[in-house]
Amino acid sequence: MDVIIDAIFAILRAVWLMVPMLIPNSAAVLFGGGTAIDFGRTMKDGTRILGDGKTWNGLIGGTLSGMGLGMIQIIIMNLLDVPSWTYGVCVPSTVFILFLLAFGSMFGDMLGSFIKRRIKVARGAKAPGLDQYDFLIGTLILIIPLQWAWFRANFLDGVYLVGFIGLIILIPIMHRVVNIIGFKMGKKDVPW
Ligand code: CTP
Ligand code: MG
């Protein structure tokens, strides 16, 4: 029984610590629009670098939303007296980790669009796998080399690895639920 409870807590903790990574893509839908990050430019293959689905407003709004939510999480966990469910050991490292989680998420989303355009998948069209995991991959690309100790201590060591695996399994489910909500709210053109 204890093992199951430990595993459930590890998964909850992994999801909680990854909130600054999970939020930016949804926030980008709310804040997005306006100038495209690629300024409308195409590559030699004749297709847009990223496409009109990636805008500066979305990138900045998404990154700041993720970081802002992370700060609110820190306040909540300090009020609840659970400092181990927060980020980093000092203010600079906390801000840096929040930045890597939130910006990394948007970076992965851009990487996903870059790949989609190169293989001629139109803006907004499905790319199974890439759509669900691009933001996690983007975050890992930044966090593993730049905050390895923090990542290992919170997602790989001991039972925390169970949490990380649980997070990986939950991501496509959360992605689907959020996109259906966005579609119903009229914020997204397609429910994926
Ligand atoms: N969005 C944005 N800026 C970003 C990311 C997202 O403005 N950096 C907004 C866009 O309005 C986009 C919507 O959020 O259409 C949904 O994001 P996403 O599904 O990632 O983009 P798609 O339109 O599906 O384009 P792509 O095929 O490139 O993924
Ligand atoms: Mg999409």
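The legends below describe close-up views of a predicted model.

In this predicted model, local features need pLDDT of at least 70 and side-chain atom pairs count only at pLDDT 80 or more, whereas totals for chains, interfaces and linings use all residues. Residues are numbered from 1 along each chain as its sequence is written, chains are lettered from A and ligands numbered from 1 in the order in which they are written, and side-chain values use heavy atoms, with hydrogens and water left out.

View 1. D109 belongs to helix α5, which spans residues 91-118 (helices are DSSP runs of H or I with at least four residues, numbered from the N terminus). With a relative accessible area of 13%, D109 is buried (under 20% relative accessible area, with a 1.4 Å probe and protein chains only). Leaving aside residues up to four places away in sequence, D109 touches N25, K54, D134 and F135 (heavy atoms within 4.5 Å). The side chains of D109 and K54 also make a polar contact at 3.1 Å (a pair of N or O atoms within 3.5 Å; within protein, one must be able to donate a hydrogen and the other to accept it, and residues adjacent in sequence count only if both atoms are side-chain atoms).

**View 2. Residues around ligand 1.** Among the 18 residues around ligand 1, those that come nearest are K54, T55, S113, R117 and R123 (a residue is near if one of its heavy atoms lies within 4 Å). A nitrogen atom of ligand 1 lies 3.0 Å from a polar backbone atom of G53. An oxygen atom of ligand 1 is 3.3 Å from a polar side-chain atom of K188, and a backbone N or O atom of G33 is found 3.5 Å from an oxygen atom of the ligand.

**View 3. Loop residues with positive phi.** D81, in the loop between α4 and α5, has a phi near 65°, a positive value in a residue other than glycine. D81 counts as exposed, at 64% relative accessibility (the cut-off being over 50%). K120, a residue other than glycine, likewise has a positive phi, near 65°, and is placed in the loop between α5 and α6.

How values were computed
Helix = DSSP H or I, 4+ residues; strand = E, 2+ residues; numbered from the N terminus.
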